[in-house]
Amino acid sequence: MHTVAVLALDQVIPFDLSTPIEVFTRTRLPDGRPGYQIRVCAEERETDAGSFTLRAPWGLEGLTGADTVIVPGTADPAAPLSPAVHDALRAAARDGTRIASICSGTFPLAATGLLDGLRATTHWLAAGLLAATYPDVEVDPGVLYVDNGRILTSAGAAAGLDLCLHMIRKDYGSAVAADAARLSVMPLEREGGQAQFIVHDHAPTPQGSTLEPPLTWLRENLAADLTLTDIAAHAGVSTRTLIRRFREQTGTTPLQWLHRARIRQAQHLLESTGHTVERIGSQVGFGSPTAFRDRFKRTTGVSPHSYRRAFS
């Protein structure tokens, strides 16, 4: 039987902790036998889990000999990792154990160096912090999970379910995974990735900055057919200066900023109106429905129709 050790760190998020416990505990093989046995492990006798205190039946020794170790997210992803947990995770990796994280559990994995040079994900709200804190990790905020073979990471909250079902499918095949998905009232594979849940509003430009007037103008003219030259002319600067200021103050280019703003407005209209996709595409400045659909799917990972079904 496959043994899964779930490591509860201080301030563990209860949802992330319970997800692998429930999904793997309920998994049954075709002959009715359980597919997994679970060890809930912690460094200390008592672990803060926010609204309650957890007493785990296993210490860090529970990681030894496990086939899979899962690190759920914690409320403070920037919290330092203790040397004992660091060494236990590194030892598990050396032994060939599969190690997976859920949500902000990616941060403890990154702190061990196990993610250096690898692609990884986490909750989209924490993706920027992960990339800034661990520059050797290639952070992909748009996916539900990343499988690097022996090291896996998932996005936030419900993406932990997607990751667990993915591992069940790898361990026992699609039929067993499909049964586990039905028990979890989840599709075995969800359309799109984490990108469809990301709020693409840009950080507000400080009042008085040189970009405040052109950004306000752009927001008010999303439907217009605007070129880089048009934006620069309105701002009263050269295109080269405009690009430099955008990169300095927004971290992106003028046209990329404009595309993001258009998609965010389109998301709002899909959520709050009954307008056709074609009309919404025109309202936010796309010259054709095809161009709108292509850009929307590249940005969010799903089609406008799928987005509307999920969020309207």
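User: Is C103 buried or exposed, and at what relative accessibility?

Analyst: The model is a predicted one, and C103 is found in its loop between β6 (98–101) and α3 (106–112). The backbone of C103 has a positive phi of about 60°, although the residue is not a glycine. Buried means under 20% relative accessible area, and C103 therefore counts as buried, at a relative accessibility of 8%.

User: Which loop holds Q11, and what relative accessibility does Q11 have?

Analyst: Q11 is not a glycine, yet its phi is positive, at about 65°. The place of Q11 is in the loop between β1 (2–8) and α1 (14–25). Q11 counts as partly exposed, because its relative accessibility is 31%.

User: How many helices and strands does the protein have, and what share of its residues is buried?

Analyst: The C-alpha atoms fill a box of roughly 65 × 40 × 35 Å, taken along the principal axes, and the protein has 13 helices and 10 strands. Among contacts between residues at least 6 apart in sequence, 63% join residues at least 24 apart. Of the 312 residues in the protein, the buried share is 46%.

User: How are α8 and α9 oriented relative to each other?

Analyst: Helix α8 (residues 228–235) and helix α9 (residues 239–250) pack with their axes 9 Å apart and at an angle of about 85°. Angles of 65 to 115 degrees count as roughly perpendicular, so the orientation of α8 to α9 is roughly perpendicular.

User: Which residues make that contact, and how do they divide into nonpolar, polar and charged?

Analyst: From α8 the contact draws on L228, T229, I231, A232 and A235, while α9 contributes T239, L242 and I243.

User: How many aromatic pairs are found in the whole structure, and what is the geometry of the one formed by F292 and F296?

Analyst: A search of the whole structure finds 6 aromatic pairs. Within the pair of F292 and F296, the rings are 5.8 Å apart centre to centre, with 65° between the planes. Planes over 60 degrees apart count as edge-to-face, so the pair of F292 and F296 is edge-to-face.

User: Where do F292 and F296 lie, and are they buried or exposed?

Analyst: Both F292 and F296 lie in helix α12 (residues 289–300), where they are 4 residues apart, about one turn of the helix. F292 has a relative accessible area of 0% and is buried; F296, with a relative accessible area of 0%, is likewise buried.

User: Which helices are tied together by the pair of F296 and Y307?

Analyst: The ring centres of F296 and Y307 are 5.6 Å apart and the planes are at 75°, so this pair is edge-to-face. Y307 counts as buried, at 4% relative accessibility, and F286, F292, F296 and Y307 form one aromatic cluster. Because F296 and Y307 lie in separate helices, their pair ties together parts that are 11 residues apart in sequence, namely helix α12 and helix α13 (residues 304–311).

User: What does T47 touch, leaving out residues up to four places away in sequence?

Analyst: T47 is found in strand β3 (residues 47–48) and counts as buried, at 3% relative accessibility. Not counting residues up to four places away in sequence, T47 touches A8, L9, D10, V12, A42, F52, T53 and L54.

User: Which element do the buried residues of α6 pack against?

Analyst: In helix α6 (residues 174–183), the buried residues include V176, A177, A178, A180 and A181. The helix is followed by V185, whose phi is positive, near 50°. The element against which the buried residues of α6 pack is α5 (159–172).

How values were computed:
Residues numbered from 1 in each chain as written. Predicted model: local features only at pLDDT ≥ 70, side-chain atom pairs only at ≥ 80, totals over all residues. Heavy atoms only, no water. Axes fitted to C-alpha atoms, helices over the stretch in contact; angles between N-to-C directions. Helix = DSSP H or I, 4+ residues; strand = E, 2+ residues; numbered from the N terminus. Parallel < 35°, antiparallel > 145°, perpendicular 65-115°, else oblique. Contact = heavy atoms within 4.5 Å. Phe/Tyr/Trp six-rings, centres within 6.5 Å; stacked < 30°, edge-to-face > 60°. Buried < 20%, exposed > 50% of the residue type's maximum accessible area, 1.4 Å probe, protein only.
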